[in-house]
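Let's take a look at how two chains sit against each other. Have the structure open while you read.

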2 protein chains.
Amino acid sequence: MVDMSAQASLAVTRVTDALRSGTASDVAAVLADISPGDIAHLISSSPPSTRDELWTLLDHEQEADVLNELPDDIRNTFLAELQPEAVAEIISQLDDDDVADILHELPQADTDKILGSLTDDDRDRFETALSYPDDVAGGLMSTDALTIRADLSMDVVLRYLRRHTRLPENTDSLIVVNRDYKYVGLLPVRTLLVSDPHVSVREMMKTEREPLDAMTSADEVARRFERNDWISAPVVDPQGKLLGRITIDDVVDVIREQADHSLAVMAGLGDGDVFTTVLATAPQRAIWLAINLATAILAASVIAFYQDTIEKVVALAVLMPIVASMGGIAGTQSLTVLIRAMAMGQINDRTEIWLVRREIFVSIINGLIWAFVIAVIAAYWFDDTTLGLIIAFAIIINLITAGIAGASLPLILDRLRIDPALAGGVVLTTITDVVGFFAFLGVAAYFYN
Amino acid sequence: MVDMSAQASLAVTRVTDALRSGTASDVAAVLADISPGDIAHLISSSPPSTRDELWTLLDHEQEADVLNELPDDIRNTFLAELQPEAVAEIISQLDDDDVADILHELPQADTDKILGSLTDDDRDRFETALSYPDDVAGGLMSTDALTIRADLSMDVVLRYLRRHTRLPENTDSLIVVNRDYKYVGLLPVRTLLVSDPHVSVREMMKTEREPLDAMTSADEVARRFERNDWISAPVVDPQGKLLGRITIDDVVDVIREQADHSLAVMAGLGDGDVFTTVLATAPQRAIWLAINLATAILAASVIAFYQDTIEKVVALAVLMPIVASMGGIAGTQSLTVLIRAMAMGQINDRTEIWLVRREIFVSIINGLIWAFVIAVIAAYWFDDTTLGLIIAFAIIINLITAGIAGASLPLILDRLRIDPALAGGVVLTTITDVVGFFAFLGVAAYFYN
């Protein structure tokens, strides 16, 4: 159930009220009062014109934090309107993983200009993060990790920390490295806080946590955080040298995007912004409609092939959408099961065989049940037992086809490096439509011609 | 793209290999070596028979931690096979939010037996958590929060912490309360670590963070964590008294379930376990097929009403699936946009009007484009201009209907407290099928009869 209670979106409600009935300064006053995350949510939950209005009403100091919380596509729209100097000023306040994210998406010329206007230190930091694609651990990490040596005692560590004015966000652990800066272990802050001041880091550190390789995919990083309830995790290069760390806040974004992705692309939608304008939305939807029109025409051609039979027994025209739709529904169920299992990282050579077999058995059982039910309905409706037997045959064939195709298509598409969530549905319904119409009308043609 | 690289699932691969070619003790040796989270993932990614095998091979000490990481439905299957005493022993090792989760799902008699076998202290802890449903903040929270008073100095706080042998997981902040145990503010551990030992908590604590009300929905809790990058958040009763705290690890589970939910129920699947047996799966799928059969028969009745017309112009039978399928596709796009926006908490009275209007405009544009394209195709295919004009009319009507219905159905269903992801698709395709067939065949009957 979607929650829309008043309490649910207090910040949003206050700004919405101010936008409706207040002046610009009323809105600005409310904005100054709520968190950057809430402002970012509010902006991304607004139509484009309201977004610009909200952005101009922001305090200058809020801009960097709000940008940091915005989804990539919306953030880049705002950045594109700023001068490189203004962008450089904003990103100097951000974590380097976020900066890498931003620079990854800007045109190369802008990136160079921005890198040029940074201090050498900042540039070095960002260049490490920029050297990895943004869908692997290296692209998600930031280099702000606090590192210590194993031979220090706890009170030395505490004194060392106190020399900082501010520790990095989400510092749940200090990373223990050796003199070559290779990863050795983690010292959880909560261990530090309860330890005897005189014991050494070596005695208390945890060494069982494997660090993440910088080339681990973002999806896999998300699954490991999720499974092991991590707050942060060290990232190393192939030699074990510490490169940085990934924190849960960035992982949560990956989890959300991962999950939203399947839902969006299965319907032929982009997985980005919901609030695109009419003129941007219409062509994007049109492409999906075009692809589906092509498959619908293919299915229609099968029907056209049996026009004579339909002319003789018009009941076939009445019943044929039932055959196609039952196949489509059953196939989509099998398809979605496999796509879910893939998204959750549950597919391996043992489980994929088990799942495909299960889907086929289920489709045989449901094929038999619904063939019988629909046969009885059709035979009574048109007072024609032959018609009942023909549709029974078509339903069995189509539901079993749906089970096989629905379960195996995602596996095949994935091996071909085609996104199963994107292409699976179209290919599947083409198969179930064509097979359904052939099985039904083909057998009917044999009996009635 | 689903990631299936070798590195991705090292733990899984090792156990899978051991299961295939090793003895039971090989498997047990690998299991002893990997994290509870990975074991739980492995169990939930296995068919039922392998699950039991893995469970029996677990070390006794691993059981509680693994159970804690398992999805509810699988966890309860294992618990149902244990004696209440064994369950009591396991849950005494868990956080109280997890225990509440478990007890919520067991039969009342078992819950009472387990509560009876606990110490008074444990029982009190769990009863607070048990008094809230598990889909609100109160049901997600644990009562293990560390609280301090504002008038303490930092070094007193550090000494107080050192008296503990172990701090609760995910302690990123200490919660500051007054003498009535009302929430006052948060002292981040990273502030504590860098502060002068002599300053007071009051000077350094953050008071701008609003606590969560215990009745805030789990969905809203997840969105606030996500937006504000929280690691933990205090939970209070209506009087502002501190009840406990929620930590990010439990919120990540909510985010994953929330996202998976729409995907699963839109296909008429339960949103639980992927690896249900054939005999458990078939009836569940059958229900969805039954509902869809009912709607397909409704659509077929519309066709049956125009049998005479189809007998005269059999091209109508060939083309009618195109009208229905274009409407279904366009409608599903609008529907999915609204369901995504709801899941992301982006719906309010301003945005819902904007989105419905956008969907209607988009459907008008695409209705006109595809009406023209399909009209030309139909007119050439059957050498019949009238037929082209009739299908053009039907496509425009059906795509606009699809846009209106797809965008407004989720809003209507949500107000009726019906899950839009579950019911939306069925209702929508019923509408687009019926409207499509009526518009196409009804007008055709007028011209050809």
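How many residues does the contact take from chain A, and how many from chain B?

## The contact

Chain A puts in 139 residues and chain B puts in 140 residues. Keep in mind that this is a predicted model, so every value here is computed from it.

Interface size is often quoted as the accessible area that goes away when the parts come together. Here, about 12700 Å² is buried between chain A and chain B, with carbon and sulfur atoms giving 63% of that.

## Salt bridges and polar contacts

What holds charged partners across the two chains? The count between chain A and chain B is 10 salt bridges. One of them pairs R190(A) with E169(B), where the closest N and O atoms are 3.7 Å apart.

As for where chain A's side comes from, helix 19 (residues 315-343) of chain A supplies the largest share, 19 residues. Sorted by class, the side of chain A that touches chain B has 72 nonpolar, 37 polar and 30 charged residues.

How do the copies relate?

Why can we say that the copies meet through the same surface? Because 100% of the interface residues of chain A are also interface residues in chain B.

Conventions
Residues are numbered from 1 along each chain as its sequence is written. Chains are lettered from A and ligands numbered from 1 in the order in which they are written. This is a predicted model: local features need pLDDT of at least 70, side-chain atom pairs count only at pLDDT 80 or more; totals for chains, interfaces and linings use all residues. Side-chain values use heavy atoms; hydrogens and water are left out. Contact means heavy atoms within 4.5 Å. Buried area is the accessible area (1.4 Å probe) that two parts lose on being put together, summed over both. A salt bridge is a side-chain nitrogen of Lys or Arg within 4 Å of a carboxyl oxygen of Asp or Glu. Helices (H or I, at least four residues) and strands (E, at least two) are DSSP runs, numbered from the N terminus. Ala, Val, Leu, Ile, Met, Phe, Trp, Tyr, Cys and Pro count as nonpolar, Asp, Glu, Lys and Arg as charged, and the others, Gly among them, as polar.
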